[in-house]
Amino acid sequence: QVQLVESGGGLVQAGGSLRLSCAASGSIFSFNAMAWYRQAPGKQRELVAAITSGGTTNYADSVKGRFTISRDNAKNTVYLQMNSLKPEDTADYYCNAHKTFPWGTRNDYWGQGTQVTVSS
């Protein structure tokens, strides 16, 4: 059973920085990609950033240039460095990992979430 445990959330002032961590119970190299999603109150969950097993990254337009996703395969951990935070970044942030099997089945795994609050 895959477990993802997030940490690093908290309260920060606008313009500040936070680094989120997502530690996996097994090798993250086995996943096709890992990602960070967020969900603000009353809104749908949205993709923030993703990184493939090969290291390719993509970001939501709203965070490009401010957030950086990275991975440490040796530590089975994915990070989200968040700089120049804005009040609109306030949300619960969730770590996601997915694995797509050769026959097409996709399994998604989720962490429990960590709260990020940015005050103005």
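In this predicted model, T52 touches N32, A33 and R71, not counting residues up to four places away in sequence, where contact means heavy atoms within 4.5 Å. The model is a predicted one, in which local features need pLDDT of at least 70, side-chain atom pairs count only at pLDDT 80 or more, and totals for chains, interfaces and linings use all residues. Residues are numbered from 1 along each chain as its sequence is written, and side-chain values use heavy atoms, with hydrogens and water left out.

T52 is found in strand β5; helices (H or I, at least four residues) and strands (E, at least two) are DSSP runs, numbered from the N terminus. At 29% relative accessibility, T52 counts as partly exposed; buried means under 20% relative accessible area, exposed over 50%, and partly exposed in between (1.4 Å probe, protein chains only). T52 and V116 are separated by 64 residues in sequence and by 24 Å in space, C-alpha to C-alpha.

Strand β9 spans residues 91-100 and includes H98. H98 is buried, its relative accessible area being 14%. Its side chain makes a polar contact with the side chain of R106 at 3.4 Å. A polar contact is a pair of N or O atoms within 3.5 Å; within protein, one must be able to donate a hydrogen and the other to accept it, and residues adjacent in sequence count only if both atoms are side-chain atoms. Beyond four places in sequence, H98 touches F31, N32, A33, R106, N107 and D108.

T100 also lies in β9 and is partly exposed at 36% relative accessibility. With neighbours up to four places away set aside, T100 touches N32, T105 and R106.

A40, in the loop between β4 and β5, is in contact with T90 and A91 when neighbours within four places are left aside.

The table lists C-alpha separations for residue pairs.

| Pair | Separation in sequence | C-alpha distance |
|---|---|---|
| A40 and D92 | 52 residues | 6.3 Å |
| T100 and N32 | 68 residues | 6.7 Å |
| A91 and S53 | 38 residues | 26 Å |

**The loop between β8 and β9**

D89 lies in the loop between β8 and β9 and is buried, with a relative accessible area of 0%. The side chain of D89 makes a polar contact with the side chain of R66 at 2.8 Å. D89 touches R38, R66, F67, S84, V116 and V118, leaving out residues up to four places away in sequence.

S84 belongs to the loop between β8 and β9 too and is partly exposed, at 40% relative accessible area. Most residues other than glycine have a negative phi. S84, although not a glycine, has a positive phi of about 50 degrees. N76 likewise is not a glycine and has a positive phi of about 50 degrees; N76 is placed in the loop between β7 and β8.

**The nonpolar core**

The largest nonpolar core has 28 residues, and those with the most contacts inside it are M34, W36, L80, M82 and Y93. Such a core is a set of buried Ala, Val, Leu, Ile, Met, Phe, Trp, Tyr and Cys residues joined through side-chain atoms within 4.5 Å. At least two residues of this core come from each of β3 (18-24), β4 (33-39), β5 (46-52), β7 (67-72), β8 (77-82), β9 and β11 (114-119). In soluble globular proteins, nonpolar side chains tend to be buried together. Apart from neighbours within four places in sequence, M82 is in contact with G16, S17, L18, L20, R66, F67, Y93 and V116.

**The largest pocket**

About 170 Å³ of space lies in the largest pocket. Of the 13 residues that line this pocket, the closest to its centre are R38, A40, K43, E46 and E88. On a 1 Å grid over the protein atoms alone, a pocket is an open set of points where a 1.4 Å probe fits, with protein on both sides within 12 Å along at least five of seven lines; lining residues have an atom within 4 Å of a point. The lining comprises two nonpolar, four polar and seven charged residues, with Asp, Glu, Lys and Arg counted as charged, Ala, Val, Leu, Ile, Met, Phe, Trp, Tyr, Cys and Pro as nonpolar, and the others, Gly among them, as polar.

Notes. Points joined across faces, edges and corners; volume = space filled by probe spheres on them.
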